[in-house]
Amino acid sequence: MNSDLVLDEPDYNNPENNIQPFFVLHRGCSSSSSSLSRPKSKRKLNEESVHEFDDRYLYNLRISAFHYVWSNIDTTIKGVLKEINLSIFNEVSSWVHQSFKAVRSSGEPGYAETTHPYPIALDALSKQIYTGLVYTKNMEFVDNQLTFEELGNHLKSGGCHVAYMSSLDFSAKNGIGGCLTRLLRMFLKVTLDDADMSILASWYCGQRESTPVVIIIEDMERCCASVLSNFILMLSKWVVKIPVILVMGVATMLYSPENLLSSNALLCLRTCKFVLGSPAQRMDAIAEAVLLRPCSRFNVGHKVAVFMKDYFLKHDGTLTSYIRSLKISCMLLFSSEPLSFLLKDLDAEDDFQEIWKEKHACIQDIMLKDSSQLSCRGDDVGELTSEKLIHAIGELKRLHQRWITVVKCLHEAGKHQNVQLLDLYCDALDPDVHKSGTSYKQGRSLRNGCLSSQYGGSPKRPYIFKAVNKVRDLSPAALSELLNKWERHADGVCEIGDKVKELQVMMNSADSKSSGSDLIYDSSSQKSDAPKDPKLWNSKAVALIEWMLRDQMKPIESFPFHEILCFKIVEKLQTALLGDPRRRIQADLLEFHEYLHCTCCSTRGSRLLPSLHDTSILYVLAQEHGDIINVHDWFQSFKAILVTPPTKARNKSKHSSTPKKKKDINNLSEAAIQARFCKAVSELQVTGLLRMPTKRRPDFVQRVAFGL
């Protein structure tokens with residue numbers, strides 16, 4: 001992934017970090033460029049130094065802000081996942097200790113019995129192993145592995161001895177011996193040539209406290225059935241000496257242990273089932289915690305959000321990949337947007353005007369210059385000033401908080417229809433609905449098309465349509481509970497909170513009057529104000545959520561200065577995640593001057609210089625050939641570039657009366673040139689751009705990749 005943002009940069013003033021003698025990308029570039037450049041005026045040098053200082057200062061601010069923002073996001077994600085799994089982990093831990101007490105209820109063997117190199121003869125019931133089956137609901141391998149590692153750490157904190165074994169340890173190639181070797185390595189921290197269960201029994205006997213021994217197998221369905229069955233039979237013979245408790249992951253409900261294990265192995269198991277949350281539930285929890293809570297103001301645009309959702313569902317399906325794409329998006333925002341460092345200050349509780357005076361008053365001219373290049377400046381007219389910028393940042397925070405509040409209210413309504421938060425999030429980000437003129441109009445009902453397309457009955461925002469439409473069918477109790485949740489989410493947003501409270505007061509007043517009229521009914525008394533239509537309050541709730549959608553939730557990409565907190569360049573994210581390494585390598589080799597930015601290459605145009613990297617020289621020369629390259633001609637062209645000095649250097653040498661003492665590249669020996677040629681060709685082969693000579697045609701190499 002190419003990015004302007006470098007997270008760790010060494011101090012080149014330190015002699016230990018000085019890498020100039022080993023700089024392979026552009027040898028001799030600095031000396032040649034300095035000799036060709038003209039002397040600059042003192043004023044111009046001062047301007048350049050000031051500009052360079054400002055760039056470096058902003059660069060450091062963006063690095064600091066990135067670390068701060070992503071640290072908050074990463075901590076939030078870990079906390080959410082831990083909270084989701086904590087209840088199940090506590091259940092597993094409690095069951096493990098109860099099972100251990102049940103195993104030890106018949107008494108512990110003595111020291112002599114434990115140290116004997118053979119198991120104790122027991123009846124069938126005493127040989128049973130307490131086994132916990134953790135159903136992961138089709139969780140992918142990467143997330144599955146991380147979950148069971150966290151479970152192992154949780155059990156270790158509870159005083160258990162834990163061994164973590166993957167499905168690869170139960171392969172037919174390794175057999176039962178490989179499983180036992182792995183088990184001893186996990187507990188004894190050494191690798192033994194002759195693995196035996198008596199060694200593990202002696203180790204457990206030497207422990208100070210008698211605690212459970214838990215063996216975690218992450219995915220039993222990937223294990224070799226015969227090896228796993230034999231492993232269980234072996235453990236059952238030693239269960240009294242070593243109180244082993246198994247925890248095995250099961251990815252699906254279809255393939256139960258009865259279909260995988262032998263009948264003898266099944267008789268040795270006493271199972272208990274635990275069910276983890278589904279990947280969709282985990283995804284919703286992460287999306288709500290990161291994108292809809294003020295842990296950071298970071299957001300993504302509509303196209304980026306749709307791509308990340310499709311990448312999660314179709315390409316990989318793991319939370320790990322989604323978190324990685326989220327981190328890359330965050331880093332790309334800070335690398336591409338000069339004012340993105342303000343994202344760190346948007347999350348602060350203090351007034352942004354005070355933060356501006358304390359931190360950014362010294363660079364307000366630079367900030368105003370950068371902010372003038374943003375795509376949306378609201379309704380401001382005239383030249384942008386610091387006061388207008390501070391006001392616009394405050395407006396950005398206010399609009400963003402309103403948008404988050406409405407999405408949370410939609411999510412609460414969508415839970416009754418099993419609408420995923422990620423789908424609602426993508427619908428809410430769509431800017432085309434407002435641009436196309438299909439915005440919500442006063443007096444139009446939902447079923448008459450305020451959420452539908454102009455050209456048909458299909459809704460423009462299908463998931464928002466489902467969430468809002470479900471409000472019409474809620475019972476009075478469910479509607480009252482929904483309004484209570486809306487009130488909690490609207491805390492801090494006065495416009496929305498006041499209207500929700502107004503509707504709640506009307507409902508409570510009508511309920512109290514209707515309950516009073518039921519107790520004392522008089523036909524001649526004044527008629528009650530309670531509505532005859534039981535769905536009237538549902539219609540008012542729908543009108544309320546439509547008002548939120550129409551007046552309180554504009555797409556983030558229409559906010560003024562939204563580029564500060566919103567990353568929306570989906571092409572960069574696609575390149576970083578999906579990638580095209582061969583194309584990227586070709587572009588880097590051919591377009592080297594765009595990355596080096598040196599004076600000699602920029603002034604020479606497409607001419608090749610000896611100071612370039614050998615691999616770039618050879619690959620540029622390869623473009624002059626077809627799919628077959630003659631090695632001899634290729635080498636001669638490469639040699640001619642290395643031994644031929646530049647034109648100015650030749651002219652200076654003719655007119656110079658006193659020779660200068662400096663290293664001359666013309667003094668390269670034939671062997672040195674051949675060595676550099678062979679090394680560069682090998683690098684092109686490793687990168688997959690050419691195929692080496694064959695015995696049939698030893699003088700030719702074949703190009704593999706053509707064009708960009």
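Visitor: Let's start with the sheet: in what order do the strands sit, and is the pairing parallel or antiparallel?

Guide: Keep in mind that this is a predicted model. The order is β2-β3-β4-β1-β5, five strands in an open sheet with parallel pairing. From one strand to the next, the twist averages 20 degrees.

Visitor: Which strands stand at the edges?

Guide: Look for strands with a single partner. Here those are β2 (161–165) and β5 (269–275), so each has one side left without a neighbour in the sheet.

Visitor: How many bridges join β2 to β3?

Guide: Five, and the two strands run parallel, with β3 covering residues 213–217.

Visitor: Now the cysteines. How many disulfides does the structure hold?

Guide: The general idea is that a disulfide is a covalent bond between the sulfur atoms of two cysteines. In this structure there are zero. Take Cys 179: the nearest cysteine sulfur belongs to Cys 223 and is 8.0 Å away, while the cut-off for a disulfide is within 2.5 Å.

Visitor: Is Cys 179 buried or exposed?

Guide: Cys 179 counts as buried because its relative accessibility is 0%, and buried means under 20%. Cys 494, at 53% relative accessibility, counts as exposed, since the cut-off there is over 50%.

How values were computed:
Residues are numbered from 1 along each chain as its sequence is written. This is a predicted model: local features need pLDDT of at least 70, side-chain atom pairs count only at pLDDT 80 or more; totals for chains, interfaces and linings use all residues. Side-chain values use heavy atoms; hydrogens and water are left out. Buried means under 20% relative accessible area, exposed over 50%, partly exposed in between (1.4 Å probe, protein chains only). Two strands pair if DSSP finds at least two bridges between them. Helices (H or I, at least four residues) and strands (E, at least two) are DSSP runs, numbered from the N terminus. Axes are lines fitted to C-alpha atoms, for helices over the stretch in contact, and angles run from 0 to 180 degrees between N-to-C directions.
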